[in-house]
Amino acid sequence: MTLMCDSKTVLMADDDSEDCILAAEAFRESGAGAEFFFVENGLQLMSRLHECACNRERLPVLILLDLNMPQKDGREALVEIKTDPALGHLPIVILTTSREKKDIDFAMGAGAQMFLTKPDTFDEWVEMMKSLIPRWL
Amino acid sequence: MRAVSAGKSRYTKAIGLLPVVVSFAAIAVLYIRGESFLWEPQYLVGISDTVFAAIVPAIVAFFAARAYLKTGSLNVLLMGCGMLGLGLCTATAGWLRPLPGGADYDVAIYNAGALVGSFCHFASAMLGASSRRQQYRPARRPILMIAYSAPLLFAVSFSLATLDHVVPPFFIQDVGPTALRQVVLGLAIFLYASSALIFMSSFLRTKSDFIYWYSLCLAIIALGLFASYIERIVGSPMGWVGRCSNYLGSIFALIAILVAVKSAKSGGLPLEEVIAGFFEDAEANYQSLVETASDAIISCDHDNRIILWNSAAGKMFGYSKAQTIGAPLFGMILPLNHENTLAEMIAASWGANPPKTIEIAGKHQNGHLFPIEISAFVRRVPSGQVTTCILRDITERKIADEALKESRATLQAALSSMTDAVIISDARGRFIEFNDAFATYYRFKDKDSCARTLSCYPDILDVFTADGLRAPLDQWAISRALRGERAANAEYILRSKETGETWVGSYSFGPIRDARGAIVGAVVSARDITENKQMEEQLRRSRDELETRVRERTEELLKTTRELREKAEIIDFAHDAVFLRDMDGKITFWNKGAFETYGFTAEEALGRLSHELLATELPAPVETIVAAILEKYEWEGEIVHTKADGQRIVVDSRWAMQAGKDGQPAGFLEINRDITARKVAEEEFRKADRAFRTLSEVNQALVRQTDELELLRKVCAIVADVGGYRLVWVGFARDDEQKTVEPIASAGYDAGYLTRARISWADNERGRGPCGVSIRTGKTTVSQNTESNPDFSPWRFEAIERGIASSISLPLIVDGKAIGALGIYASEPDAFDQAEAGLLGMLAENLSYGISSIRSDQKRRKSEEAVSAERKRLFDVFETLPPMISLMTQDHHVAFANRSFRQRFGESNGRLCYQYCFGRSEPCDFCQAYTVLRTGRPHHWELTTPEGEVIDRYDFPFTDVDGSLMILEMSIDITDRRRAEARLAATVSRLELANRELEDFAFVAAHDLQEPLRKIQTFTDMALKRCTSALDDTGRQYLDRVVNSASRMRQLLHDLLEFSRVAAKGDPFRRVDLAEAAREATDVFEASTKQNGSLIEIGDLPEIEADRTQMVQLFQNLIGNALKYSELPPHIKIHSETGQEGFCEIFVQDNGLGFEQKYAERIFKPFQRLHGRGEYQGAGMGLAVCRKIVERHGGTIRARSEPGAGSTFIIRIPLKQAKLENDIDV
């Protein structure tokens, strides 16, 4: 755990608690050396990020963002982050149930680094997490 | 009626007083002077009494009797009795006067009669004063008999009694009257005077002439009796004054009767009524006036309660007098709300003459309201005021007024539809009515800007009569009509002072007269005939030109003739031949003139027989001539002689008988004058005249005839009859093989000549005659002598047989081509000299012109008729067509409307289209019909009427037969169609919405169901993987089933999502290369095709407008399907064929398992499978998605298959899509 506290964090924004649990589990299983946090919506995500920026804490190294969320959804949050000069550099992976071309086009157009559809099995979850490590963790 | 109105009458009445005054004065003078002079010639008294005192009263009594019988008036009866009583007694007394003691008789009978008379008059006066008219007393005749016989009986019996001295003496001559007589006469005087005064007072009330004279009559009789009363000697001046006064009284009574006669005549009433009426008082008169009035008369008191009600009122309102007296006027017979109206009217008409009237409604007893005219006046009486109303039922007048209004409206409608300008003017030249055509005719902008009185027009127009003279205002049509003139087609030339435009009008006009025949206005109609005039003028000019030419020719001829005649006269003077012959005819004298005339010298002639020498041809048998000479001693005539050189000459010959010494005829003196030259000249003149007359009659026929054949016949007849030719005919050149000249018309002596002549206009034997030549050459051709002309040989025999000696043929040239010839045959040779040929040539020219003008006329008429017939047919068709069809003029008149139109909008009755179709007063602002007039092209538009109907309109420019431009309009009421369309559109959009909602729902449902399913799968998976220790075999088996079910459900949801995505998530249509799409689809299967050696052939596929992704999916599904259901190595062929109407057909053919054709439809339904789930994978959605895709593109998909023989899927899809970018499904 101490290792994990060496301030590398991954932040997941998703209102679906089951997916958060699965993601967290899979992340742990994948053996990535980072802390895993989640928020429930775009609003919380944004306040968390701004908080970090103000307190000069370390910003998350990766954001996993669901598109469909209450209050502020992933699309808005994505655009907001990517247009904020202080946050724009943060890598964002869209993790959602949608396979819509429209959504993919939008997300990639807005500057997301990757677009992933939520896997059907736990093994796939783990595989997915593993695939993220070499790039950002 | 009975009122005294004339001043003359007053004057006469004043004169009537004079005798009374004179008589009174005479009595006074005689009484004072006491004259005792006696003058009493025998019988004078009898005669004068009879005449004045008996006959005159008898006449009065006669009229009185008739008046009584008629009216039953007792006054009249008593008046008659009184007159009769006094008259009879006076006359009897007069005749008894000469008897011894006659004075006593005279006085007694006279005075007794006076008393009787006075009683009667007094009784009448008293009755008159009580003003009762005894109308209903029965049995008037017996009463009259009794009443009139009473004085008679009295006179007779009293006379007898007096003669028998039964009566005590009345008068003793020279002594004076007895006391008895004084009592009797005094009473009579008193009664006469009283009656006179009573009647005079009645006269002052009634102002009745009759009563005046009657009262004077009584007064003067009273005076007369007074004179008798104071006389002492009968026959003294005083006695005569008395008698004369008595006579005057009778005369006054007669005057009274005459006054009655006059009054009866002027009033149109029976005399008897009038006489009786004089005795009635004013109130009674008023009552009877009221009762007999034809107007209802109602009086009411200050509370408006009815106090007088006449029988006319009863008839008008249906109430009896008893029902109405005391009833309120308003509410019962007049509506309550009229109370104030009536009061105002009375106030307003105070002193007005004639009294004002108003029209209000009256109420009949049966509740029916009707219009009445009422006048009223108020009379103040002690109890307040009395209002008297005179009411008249004006229902009929109202109806008449309405009818008048209606007929006026009809008149206006008629006027406005007329093309002739029509003006109706009143007697002072103010225009009461005029129509739209009037405005056009007088060059006004519109009807409103027309000047409305005749007197304005001299400032606007100059008017000329047809011969160009300026017409003053009193010569204008309206002025003439107002003077009572009538005319049809009178021509006027008008010139606008403003613009100088000139036009010619044909006027018809006449006065309008009232029932009495007085002129109250004028009606004038006018038509612009400028164009006609111009045409006429042209025709006239060309005719004048012709006539001038004819005249010139004629004058030339006349001149020649004159010259010839002068020459002949000179010859006459210089060359009279004179010779004598004896009874045997032997020449005994021969003068120089004879030598010069005949060429025989005297020596040669003398002794020769004259008729042998000169070969005399006499105009009559010689015996006749000799007989004439023996009777008259001379003879005159024209004879033919032969000169010495053999020339035959005509001489004007006069023979006179020479008597010998014995007085017996000895021989004849013959004086001859050579008139051969004159004869020739005369003949020439006759011929020229004949030709001219022929020509002018032909010209007249040309002007009048409109039928070609008729014209030709007429012309032939004229030339034959007037021109005096043997045979005249017209032949037309036919374009047949023989080039026949077909006789069309002929006149004169034919006898089959023309039918046998078989004339041709070809250059052959039968075509070289004058006729053929003239047609061929177009020139006049003459054959001067039938016998000698070699060209005439084919017809010579026939011609000679018919007395034809020479002929001329004149070509008829129409439009530069000889269409035939006019052939004229004369019975003498050399008949056609240059002059005649010239005139006939002109005639032929005129005839040619006539024919060509008739032909062109006919052509024009025929084409006009054809056009009108065509038009008529067209309109007949229009009439029955279901759309509304109308024809509108430029000024919004509806010239034609078919049945549908009329059913929808009714009859136009001359109203303008907007007036009667939409009830507007000006053209509709939404109307686009008139753009047609501007553009000249058809116009199609849609009209929504103010009532909300939708009308589809087609307007076409339409030229009428007369060339005027109109609009042919076809209107179809498409309100219902539009409504149906709107309903359909609404339904479709509702359905589309519902469908879209359903599709959206399916998509959302499928999408959202995936989420929890994925969780089920993941967590089951985790449970199996991570909790292996906690699960026994059974638990694991259960979880496996959960995993399987979830997996299948996932597939189902996936497919469902795909299916709904087709509609809900499709891309817009773009151009897609199908071959490329098919190749892309095969890429997916690349791995498996390599593996099992399957073959996919892609042939030529078109480029269409489609959703590319879906096209790829379509091919994927079909190929996948084919690959899936195969046992052999699959072989798939994809190709296309061009289908119909912008479609192409794509065939996807495999060699797979195939299926039974009966499943061909089922396989396209969602979740339908032909095989068990275990055999082949898939949820059975692939083909359903295919169909959905194809249908979204507006195409169809079907399958053709046989078990074991493979399947073919056929996609029929449009090449182009209706909407490319904005696909409704997106």
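Let's start with one pair: Arg1050(B) and Asp120(A) form a salt bridge, their closest N and O atoms being 2.8 Å apart. Here a salt bridge is a side-chain nitrogen of Lys or Arg within 4 Å of a carboxyl oxygen of Asp or Glu. This is a predicted model, in which local features need pLDDT of at least 70 and side-chain atom pairs count only at pLDDT 80 or more, while totals for chains, interfaces and linings use all residues. Residues are numbered from 1 along each chain as its sequence is written, chains are lettered from A in the order in which they are written, and side-chain values use heavy atoms, leaving out hydrogens and water.

**Between the chains**

Two of the cross-chain pairs are tabulated here.

| Residue in chain B | Residue in chain A | N to O distance |
|---|---|---|
| Arg1050(B) | Asp120(A) | 2.8 Å |
| Lys1015(B) | Asp16(A) | 2.2 Å |

In the second pair, Lys1015(B) sits in helix α31 of chain B, and Asp16(A) in the loop between β1 (9–13) and α1 of chain A. Helices (H or I, at least four residues) and strands (E, at least two) are DSSP runs, numbered from the N terminus.

The interface draws 17 residues from chain A and 14 residues from chain B, with contact meaning heavy atoms within 4.5 Å. About 1400 Å² is buried between the two chains, 45% of it from carbon and sulfur atoms; this is the accessible area (1.4 Å probe) lost on putting the two parts together, summed over both.

Helix α1 (residues 17–30) of chain A packs on helix α31 (residues 975–1026) of chain B at about 40 degrees, the axes being 11 Å apart. That angle makes α1(A) oblique to α31(B). Among the residues that meet are Glu18(A), Asp19(A) and Leu22(A) from α1(A), and Arg1014(B), Lys1015(B) and Phe1019(B) from α31(B). By class, this contact has three nonpolar, one polar and eight charged residues.

Within chain A, the axes of α2 (residues 42–54) and α3 (residues 74–83) come within 9 Å and cross at roughly 20 degrees. The two helices are therefore roughly parallel to each other. Gly42(A), Leu45(A), Met46(A) and Leu49(A) of α2(A) touch Ala77(A), Glu80(A) and Ile81(A) of α3(A). Five of these residues are nonpolar, one is polar and one is charged.

For both helix pairs, axes are lines fitted to C-alpha atoms over the stretch in contact, and angles run from 0 to 180 degrees between N-to-C directions. Under 35 degrees counts as roughly parallel, over 145 as roughly antiparallel, 65 to 115 as roughly perpendicular and the rest as oblique. In the class counts, Ala, Val, Leu, Ile, Met, Phe, Trp, Tyr, Cys and Pro are nonpolar, Asp, Glu, Lys and Arg charged, and the others, Gly among them, polar.
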